[in-house]
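Subject: Structure handover and notes

Hello,

Here is the structure I said I would pass on. My notes follow below it.

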Amino acid sequence: NHPRNYPSFAHWSPPVMTTHSDGYTMWREGGMATEGVEIVAENGWTGALLDEISGSASTGMVVVGEVTFNDNTQSQTFDSIRMTPTHPYLSAITMIVPSPDWFTGFHDFNAINADTQTWYSQFSMTTYPYDAGTEEGDDYSGDNSATDPQEPVMRFDVNTVPNTGVFLNDSEDDVLPVAMWTCTIVEEPEPIDIGNIGGICFSGSSLVEVKGKGIISIDQLNVGDEVRVGPDSFDHVFGFGHKTHSGKFSYLEIKTTENSNSLKISKSH
């Protein structure tokens, strides 16, 4: 897709991918590259970035891929990475080698579907070339002078590509994606046929106590919430085995003369 000045020995540096909460940002368009991101974008070295990741209280698991030469292979498979409700975001980066400070990747992708509050079973992202704003250069070459002062991270488009026209398509009216990332959830629970059970586990109107939110109904519960499970303990909601917002289901409702609240019990519970 990007034949203009593209060298035969071009390759990707070892990609770095990490899970994290919303308290961490690896990089973002319009932001300033950290030292770790700068070193990845200019040299492909991952050590400083890995130190930044491990030094953050908001990051989870991290995986590092392999150098990939495009004349040999067009893809690679990463080791599995564990995601949790406290670290539902993914960010990744890999250098376009050789280049001044060009890279691709993605940042702050939330793997939890906001509509269903469940993990996406699979997702794919196409990503574009970016300039880290730390080194001068307009072609596939390194060892250029530093950008002084440092500039924000910038995505290349038809208006921002260097005057050499790198990354432009043949008609010179677009910059196409340079990579695709695909993630698939493994060991998914078996789907439950709601029609064959005698009621959902709990009614949506049932009440739970959530840390930081107080008493709420179960239909307002989200993945990542901490629910009281004992007199002095809370536990995270890791997911919903089955969840529906519609349908008719049977419950046994118990009320007492001393309390206006009721207890709804399903056939399965």
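The buried residues of H1 are covered by parts that include H2, strand S5 (89-97) and strand S6 (102-110). Those buried positions in H1 are Gly-36, Val-37, Val-40, Ala-41 and Glu-42. Please keep in mind that this is a predicted model.

**Overall**

The protein has two helices and 18 strands. Of its 269 residues, 38% are buried. I also looked at contacts between residues at least 6 apart in sequence: 63% of them join residues at least 24 apart.

**The helix pair**

Helix H1 covers residues 35-43 and helix H2 covers residues 47-54. They pack at an angle of about 150°, and their axes are 7 Å apart. An angle over 145° counts as roughly antiparallel, and H1 and H2 are therefore roughly antiparallel to each other. The crossing of H1 past H2 is left-handed. On the H1 side, the contact is made by Glu-35, Gly-36, Val-37, Ile-39 and Val-40. H2 contributes Ala-48, Leu-49 and Glu-52. By type, the residues of this contact are five nonpolar, one polar and two charged.

After H1 comes Gly-44, with a positive phi near 85°.

**Salt bridges**

There are four salt bridges in the structure. I describe some of them here.

Glu-172 and Arg-4 meet through their side chains, at 3.2 Å from N to O. Glu-172 sits in the loop between strand S11 (154-155) and strand S12 (179-184), and Arg-4 in the segment before strand S1 (11-12), so this pair ties together parts that are 168 residues apart in sequence. Glu-172 is partly exposed, at 47% relative accessibility. Arg-4 is also partly exposed, with a relative accessible area of 25%.

Glu-209 and Arg-228 form another salt bridge, at 2.8 Å from N to O. Glu-209 is in strand S13 (residues 207-210) and Arg-228 in strand S15 (residues 226-230), 19 residues apart. Glu-209 has a relative accessible area of 30% and is partly exposed. Arg-228 is partly exposed at 32%.

Lys-211 pairs with Glu-226 in a salt bridge, and their closest N and O atoms are 3.4 Å apart. Lys-211 lies in the loop between S13 and strand S14 (214-217), and Glu-226 in strand S15, so the pair ties together parts 15 residues apart in sequence. Lys-211 counts as partly exposed, at 45% relative accessibility. Glu-226 is partly exposed too, with a relative accessible area of 25%.

**Backbone points to check by eye**

Two cis peptide bonds are on my list. One joins Val-97 and Pro-98, with omega about -5°. Pro-98 is in the loop between S5 and S6. Another joins Asp-148 and Pro-149, with omega about 0°. Pro-149 is in the loop between strand S10 (130-131) and S11.

Asn-5 has a phi of about 65°. Its place is in the segment before S1. Asn-5 is partly exposed, with a relative accessible area of 41%. Glu-172 has a positive phi of about 60°, although it is not a glycine. Glu-172 is also the residue that forms the salt bridge with Arg-4.

**Two loop residues**

Is Ser-58 buried or exposed? At 17% relative accessibility, Ser-58 counts as buried. Ser-58 is in the loop between H2 and strand S3 (59-64). Leaving out residues up to four places away in sequence, Ser-58 touches His-20, Ser-21, Gly-23, Tyr-24 and His-87.

Asp-79 lies in the loop between strand S4 (68-69) and S5. Asp-79 counts as exposed, at 62% relative accessibility. The C-alpha atoms of Asp-79 and Val-63 are 6.6 Å apart, and the two residues are 16 apart along the chain.

Best wishes

Notes:
Residues are numbered from 1 along each chain as its sequence is written. This is a predicted model: local features need pLDDT of at least 70, side-chain atom pairs count only at pLDDT 80 or more; totals for chains, interfaces and linings use all residues. Side-chain values use heavy atoms; hydrogens and water are left out. Axes are lines fitted to C-alpha atoms, for helices over the stretch in contact, and angles run from 0 to 180 degrees between N-to-C directions. Helices (H or I, at least four residues) and strands (E, at least two) are DSSP runs, numbered from the N terminus. Angles under 35 degrees count as roughly parallel, over 145 as roughly antiparallel, 65 to 115 as roughly perpendicular and the rest as oblique. A crossing is left-handed if the near helix is turned anticlockwise from the far one by less than a right angle, and right-handed if clockwise. Contact means heavy atoms within 4.5 Å. Ala, Val, Leu, Ile, Met, Phe, Trp, Tyr, Cys and Pro count as nonpolar, Asp, Glu, Lys and Arg as charged, and the others, Gly among them, as polar. Buried means under 20% relative accessible area, exposed over 50%, partly exposed in between (1.4 Å probe, protein chains only).
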